[in-house]
Amino acid sequence: VIARLEGWVFAPGPRARLAFVRAGLFGLIAVRAATGGFADLAGQPDALWRPRSFMHLLPSMPPRPVIVGVQVTVVLAAFVAAAGRGGRVATSLAWVGAAFLFALPNSLGKVVHNDVLLLLATVPIVAATLLRKGGDGWAVRTAMVVVAGAYFFAGVAKLTHAGPAWVLSDNLRWVLYASSDAQGQANSLALFIADRPMLAHLLAAATLGLELAFPLALIRPRLAPMFAVGAVALHAGIRATMGLDYSVQALVVVVVMVDWPAVARAAVRVRVPYAGVVGERAVLLYDEDCGFCRWAMSKLLAWDRREALRPMALQDPEADVLLDGMPEDRKMGSWHLVTADGAISSGGDAAAPLARLLPGGAPIAFVARTFPGLTRAAYGLVSRNRTRLAGVVGEQACRVDPKRVRATTD
Amino acid sequence: VEATGEVAVPRSVRTFVRVFLVAFVVAGLLGIEAWPLTGFRLFANVRTDRQEAMQAVVVGRDGSESALPFWRLPPAYRGSVQVLKGLDGLPAAGRARVCSAWTDALGEVGVEAASIRVYRLSWLLSERDGDRAADARDREVLFDCGGGSA
């Protein structure tokens, strides 16, 4: 299990997503530092000082000028870090300053969890900037583990301390009655639920179920947006019934668990259906860094007398739109054909639809369609040997790592 | 989209991620509070019908009592309700310091307090008076503090 987990965490990842998560989390830090009301805590009498963790190093609540100074520093540094600028200095300053600020309300007598997830999820993003070695696709996945883990551990804590009674007893009803009684005005939504035992049981079960199932978002990434929606609904419900503000935590979930660059690409595809397909022409995507691929493309285009094909390099930004956010290793691992209806065929599977578009290609298309396994094997054989073939046909040697190609086309 | 991670992830990164995630998981599973590492113990205890709480009241010069209006105190006193929960666990001198801080702050918002009296209340949530809990069933004076008494 650990080996599989490590394999997943350290797999390559799209840089666009890392950039988005960095911008989102540091943007949240900047907004939180600017609007969190931390300076108002200055002037707390020493008798009320209840430090936690590293705040024990301080004898009392820091004075207002110190807090304001840290706030200004964090806001500036976080904005710079969010923009992907400032490197190690801005990133470190923003995180350390935020940890100091967010610890202040935790030194009033109670653990405040609202900002914890923001700080913890940002740790791998900070580390990716500080270590700056090798690939850093792991940073986003580590942040995802933190987010999923936070909810999972919240569920585990409920099971550990309360057991099934958290759902099966009237626990949630009493929580809501007590919360409503503690608010300035009675909370009608909280009382509505508390007055209906079955509804309270259902909501308690849904809450515990969501928390315990959250790691599924790591195993099945397509479920991640659903869990993000669930988390937002949970925190909105807590806000509406109990008046507790977990908006920062909810936003962290939305930023980290949803692949927003992929959503943006999908949105572009919806707005411009099959963008890149001009008229009825299909797009054939190839690796322009590969000499044999360029040679093969030139031969195909010469064959394509009816001009049914439009060539496009995989390195073209439009390729990501056409391929609907296909993972980078799959994208660069083979050629792809995108037909006018938006269908994507890759590797050997592209042979049949491609041949059908070429003059006299119908028999080839028939063979390729009838023996798909053989076609894929033939494509794989050519693909694995394309560096050698480039020498044979006299083109520049392929610059793509053949091992990576082999791994993704087998 | 430029992929990351084609270069093998170095040992230093792998070590960092392992240490960070182990610390996160251990704190989460064992409920260790070492902020920002935490056990995420949110509403984890079972609530029952019976509630117990501390209540602080302001005792005026004439002996009259009124609930201590924590909401009127400045933001720097925001954690006072949490401090109140642990007040009976403090030594008398510690209590006196806390109550003195409260009486000073009350004076600044125009509430004159001869002392502060702390009660322990218990009540049943199921006993309702309209949309509010009914009055406490049991009310026990724990101590007076501030205003020269502790």
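**Entry 1: across the interface**

How many salt bridges does the rule find across the interface of chain A and chain B? I noted two. A reminder to myself: this is a predicted model.

I looked up one of the salt bridges by name: the side chains of A:Asp181 and B:Arg128 meet with N and O 2.8 Å apart. Since A:Asp181 sits in helix H8 of chain A and B:Arg128 in strand S5 (residues 128-129) of chain B, this pair joins two chains.

Next I turned to the interface as a whole. I found 79 residues of chain A in contact with 59 residues of chain B. The area buried between the two chains is about 6000 Å², and carbon and sulfur atoms give 69% of that. On the chain A side, A:Phe10, A:Phe153 and A:Trp174 lose the most area to chain B, together 12% of what that side buries.

I counted polar contacts as well: 14 residue pairs between chain A and chain B, with both residues at pLDDT 80 or more. Several elements of chain A each supply at least two residues to the side that touches chain B, including helix H1 (2-9), helix H5 (116-131) and helix H17 (328-333). H6(A) gives the most, with 12 residues. By class, that side has 44 nonpolar, 20 polar and 15 charged residues.

I picked out two residues here. Beyond its sequence neighbours within four places, A:His113 is in contact with A:Tyr246 and A:Gln249, and with B:Thr38, B:Phe40, B:Arg41 and B:Leu42.

A:Ser107 lies in the loop between H4 and H5 as well. A:Ser107 is buried, with a relative accessible area of 0%. A polar atom of its side chain lies 3.2 Å from the backbone oxygen of A:Ala103. Leaving out residues up to four places away in sequence, A:Ser107 touches A:Gln44, A:Leu48, A:Trp49, A:Arg50, A:Pro51, A:Arg52 and A:Met55.

**Entry 2: salt bridges within chain A**

Over all chains, I got 16 salt bridges by this rule. A:Arg32 pairs with A:Asp115, the closest N and O atoms being 2.6 Å apart. A:Arg32 is in helix H2 and A:Asp115 in the loop between H4 and H5 of chain A, 83 residues apart, and the pair links distant parts of the chain. Both A:Arg32 and A:Asp115 are buried.

I also noted A:Glu211 with A:Lys158, at 3.2 Å between the closest N and O atoms. This pair links helix H10 (residues 197-213) to helix H6 of chain A, 53 residues apart. A:Glu211 counts as buried at 5% relative accessibility, and A:Lys158 counts as buried at 3%.

**Entry 3: helix H3 of chain A**

Last, I followed helix H3 (residues 64-82) of chain A. H3(A) has 19 residues and reaches 26 Å from first C-alpha to last, close to the 27 Å expected. Its buried residues include A:Ile67, A:Val70, A:Gln71 and A:Val74. The buried residues of H3(A) pack against helix H2 (15-35) and H4 of chain A. Just after H3(A), I found A:Gly84 with a positive phi of about 80 degrees.

Technical notes
Residues numbered from 1 in each chain as written. Chains lettered and ligands numbered in written order. Predicted model: local features only at pLDDT ≥ 70, side-chain atom pairs only at ≥ 80, totals over all residues. Heavy atoms only, no water. Contact = heavy atoms within 4.5 Å. Buried area = accessible area lost by both parts, 1.4 Å probe. Salt bridge = Lys/Arg side-chain N within 4 Å of Asp/Glu carboxyl O. Polar contact = N/O pair within 3.5 Å; in protein donor to acceptor, adjacent residues only side chain to side chain. Helix = DSSP H or I, 4+ residues; strand = E, 2+ residues; numbered from the N terminus. Nonpolar A, V, L, I, M, F, W, Y, C, P; charged D, E, K, R; others polar. Expected span 1.5 Å × (residues − 1). Buried < 20%, exposed > 50% of the residue type's maximum accessible area, 1.4 Å probe, protein only.
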